[in-house]
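Colleague: I would like to go through this chain with you, one question at a time. Please keep the terms simple and give the cut-offs as they come up.

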Amino acid sequence: MHTLLITGPGGAGRTTAAAATALAAARRGRRVLLLSGDVGDPLTALVGDPAAAGLRVARVDSGEEFRDELVALQERGSALLGMVGARPLGAEEITELPGAEEFALLRALRRAAATPDADLVVVDMPPLHRAVATLALPAQLRRYLARLLPAERQAARALRPVLAQLAGVPMPAQWLYETAARWDEELAAVQAVVEADTTELRLVAEPGPAAADALRLGRLGLALQQLPVSSLVANRTVPAESADPWLAGLAAQQQKYAAEWAEELPVVALAHLGRDPRGPQDLERLADSDGLVPAAPAPRRAWAVEDRLAQDGVLVWVVPLPGAHKSDLDLVRRGDELLLTAGPHRRIVPLPGALRRCTVSGAALAEGELRIRFTPDPGLWPRTQ
């Protein structure tokens, strides 16, 4: 199973690019599932009859998923709700809260990746800044659950009645830990899909200065989550040969930025149709573009630890951060974890085993890599004879 996540700055045409990619792959004989969580279902107008195009299209209903999940949660916690005198909400009075779309899309992504009758899942993700946060969500929430409701506390559940009598207040119910365990299991399954070698990201943007800034920050956030970008779609490109000075100037600007992007990533060009794509015929024209069908994704590389003890007395943790500026970066050591900041993005990462016995002695940014130096702590590092 190959999963292709497509996102880009707001208004860049990511939904059109996702649909064109799915159609191009289906024409090559791939069994394609096109997944979208966009409100208003813009894919229907673009694709028309999915069966005629050789596609399957699935739309995420975040409102329905949110209602079902909350009703089920109330049922599992009915004893606790009754104890505090709470009145459960009925399904008909529940409206989704902010963030429900992201959770619903992640669950749909997990289900889609497990479907047996698709070779390629193309996912129309939210705009780039939201997509970065959405893809980081499973790992972040699992960390919160592990800190707030650690699994080892469940071992003491036999003592809770005694502790409740001593403390005079009820102890957390078993259902809370069971719910946390179920959430962790679901989040782990989603995280496995997001971080799999068979999952890749494709960015969509209209070449220009605003898009270049948005892409730089977006790629920085994705790199911080160890989610590499495999390709970029330069959307709405205009012909270079034009007698109109305005069009010629726009074409020159687009070519300039597309060429800069091509120095780092494979770039696929989608032509401007002179209007917004309106239906299957326009989509078929775009699907004829070269390079849309993704190849098998390359295996991901872990952040490497370089052993420079013999030369410099340090270990170096190499963190790829393409497009980063020195002013974007900050890092703080907290126990066995490192809090990394890159622009507006933050991530707390556990240190590899060898680095936990070291102190941070410096860091430098060069050629898109943050190189963090660690010096062995004499009190923790094994002595050599």
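Colleague: Is Arg236 buried, partly exposed or exposed?

Modeller: This is a predicted model, in which local features need pLDDT of at least 70, side-chain atom pairs count only at pLDDT 80 or more, and totals for chains, interfaces and linings use all residues. Residues are numbered from 1 along each chain as its sequence is written, and side-chain values use heavy atoms, with hydrogens and water left out. Buried means under 20% relative accessible area, exposed over 50%, and partly exposed in between (1.4 Å probe, protein chains only). Arg236 has 22% relative accessibility, so the class is partly exposed.

Colleague: Which strand holds Arg236, and what is the phi of Arg236?

Modeller: Strands (E, at least two residues) and helices (H or I, at least four) are DSSP runs, numbered from the N terminus. Arg236 is found in strand β6. Most residues other than glycine have a negative phi. Arg236 is not glycine, yet its phi is positive, near 55°.

Colleague: Where does Gln226 lie?

Modeller: Gln226 also is a residue other than glycine with a positive phi, near 60°. At 29% relative accessibility, Gln226 counts as partly exposed. Its place is the loop between α10 and β6 (229-237).

Colleague: At what angle do helix α7 and helix α10 pack?

Modeller: Two packed helices are described by the angle between their axes and the distance between the axes. Axes are lines fitted to C-alpha atoms, for helices over the stretch in contact, and angles run from 0 to 180 degrees between N-to-C directions. Angles under 35 degrees count as roughly parallel, which makes α7 roughly parallel to α10. The axes of α7 (residues 128-148) and α10 (residues 209-224) are 10 Å apart, and the angle is about 0°.

Colleague: Which residues of α7 meet α10?

Modeller: Contact means heavy atoms within 4.5 Å. On the α10 side, the residues are Ala214, Leu215, Gly218, Gly221 and Leu222. On the α7 side, they are Leu128, Val132 and Leu135.

Methods
Parallel < 35°, antiparallel > 145°, perpendicular 65-115°, else oblique.
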